[in-house]
Amino acid sequence: MSSIEENIAWLKAQLPERVQLVAVSKTQPVEMILQAYQCGQRVFGENKAREMEEKHQQLPADIEWHFIGHLQSNKVKYIAPFVHLIQAVDREELLPVINREAVKNKRIIHCLLQFHIATEETKYGMNWEEAAHLLESETLAQCDHLRIIGVMGMASFTEDTALIRKEFSTLYHYYLLMKNSYFRDNPDFKEISMGMSGDYPLAIEEGSTMIRVGTLLFGERNLR
Ligand SMILES: *Cc1c(COP(=O)(O)O)cnc(C)c1O
């Protein structure tokens with residue numbers, strides 16, 4: 001077995017049924033993605049629009065591509081024809097752009113709202129007030145080709161597991177608030193994307209339905 005194969009099998013064996021594995025393949029060559037594909041992995045995460053578009057063109061069509069990075073408005077058009085889930089909607093202004101591109105492509109595009117739960121200033125995402133504003137906005141009401149199906153967040157990069165756990169539980173709390181206030185009768189609204197290589201066991205304990213793991217599957221990325 002190749003090590004990617006072993007890593008995927010090892011990781012999947014730990015996941016409860018409700019938790020989906022998003023293999024984060026950013027910066028990795030298509031050969032590595034194909035290896036993971038050949039052991040049955042179909043869901044991959046990328047954080048650069050052009051990189052994801054190129055890989056989509058070169059790889060099998062049944063891969064589900066998740067966009068997990070900060071998405072610039074002028075780049076939405078590159079991924080709109082095929083993206084399976086935009087995980088990182090971090091501002092209201094993105095909604096009409098995604099909706100417009102979804103209409104052009106005759107698709108419904110699924111999205112997660114990204115919350116800022118970490119202590120670092122550098123991580124993207126909304127606070128509760130911004131999310132509530134977005135959810136009650138006329139902008140969203142007019143986006144009939146976009147569907148919000150859950151939340152996403154990144155915990156602080158720290159050894160302090162109590163802090164990480166608290167941040168994940170905050171995200172879970174936002175999920176529940178959204179479910180109860182805005183998506184009560186909507187069975188599609190069910191995803192909580194949290195947990196990466198360094199903290200996925202905690203995320204699963206705190207209610208994650210989707211973990212985004214790169215390094216543990218593919219090894220360290222080259223810095224760029
Ligand atoms: C890179 C990245 C990941 C994966 O990180 P690893 O530590 O390599 O598992 C997960 N989520 C987001 C948003 C990322 O940018």
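This is a predicted model: local features need pLDDT of at least 70, side-chain atom pairs count only at pLDDT 80 or more; totals for chains, interfaces and linings use all residues.
Which residues does leucine 21 touch, not counting residues up to four places away in sequence? The legends below begin with that residue.

View 1. Leucine 21 lies in strand S1 (residues 20-24); strands (E, at least two residues) and helices (H or I, at least four) are DSSP runs, numbered from the N terminus. Its contacts, defined by heavy atoms within 4.5 Å, are with Leu11, Lys12, Leu15, Gln41, Val43, Ile211, Val213 and Leu217, leaving aside residues up to four places away in sequence. Leucine 21 counts as buried because its relative accessibility is 4%; buried means under 20% relative accessible area, exposed over 50% and partly exposed in between, with a 1.4 Å probe and protein chains only.

**View 2. Strand S1 and its pairing partners.** Of the 5 residues of S1, 4 are buried. S1 runs parallel to strand S8 (residues 210-213), to which 4 bridges join it; pairing requires at least two DSSP bridges between two strands. Alanine 23 has valine 213 of S8 as its bridge partner. S1 also runs parallel to S2, through 2 bridges, and valine 24 is bridged to glycine 45 in S2. The chain passes from S1 through H2 to S2 in a right-handed β-α-β crossover, that is, clockwise from the first strand over the helix to the second when the strands point away from the viewer.

**View 3. Helix H5 and its packing.** Helix H5 (residues 94-104) has Leu94, Leu95, Val97, Ile98, Asn99, Glu101 and Ala102 as its buried residues. These pack against several elements, including helix H4 (76-79), strand S4 (85-89) and strand S5 (109-115). Isoleucine 98 touches Val76, Ile86, Val89, Ile109, Cys111 and Leu146, not counting residues up to four places away in sequence. Just after H5, lysine 106 adopts a positive phi of about 50°.

**View 4. Nonpolar cores.** A nonpolar core is a set of buried Ala, Val, Leu, Ile, Met, Phe, Trp, Tyr and Cys residues joined through side-chain atoms within 4.5 Å. The largest has 67 residues, and Ile98 and Phe115 are among those with the most contacts inside it. Helix H8 (residues 161-182) supplies the largest share of this core, 6 residues. A second, separate core of 8 residues includes Val22, Leu85, Met152 and Met210.

**Notes.** Local features need pLDDT of at least 70 and side-chain atom pairs pLDDT 80 or more, whereas totals for chains, interfaces and linings use all residues. Residues are numbered from 1 along each chain as its sequence is written, and side-chain values use heavy atoms, without hydrogens and water.
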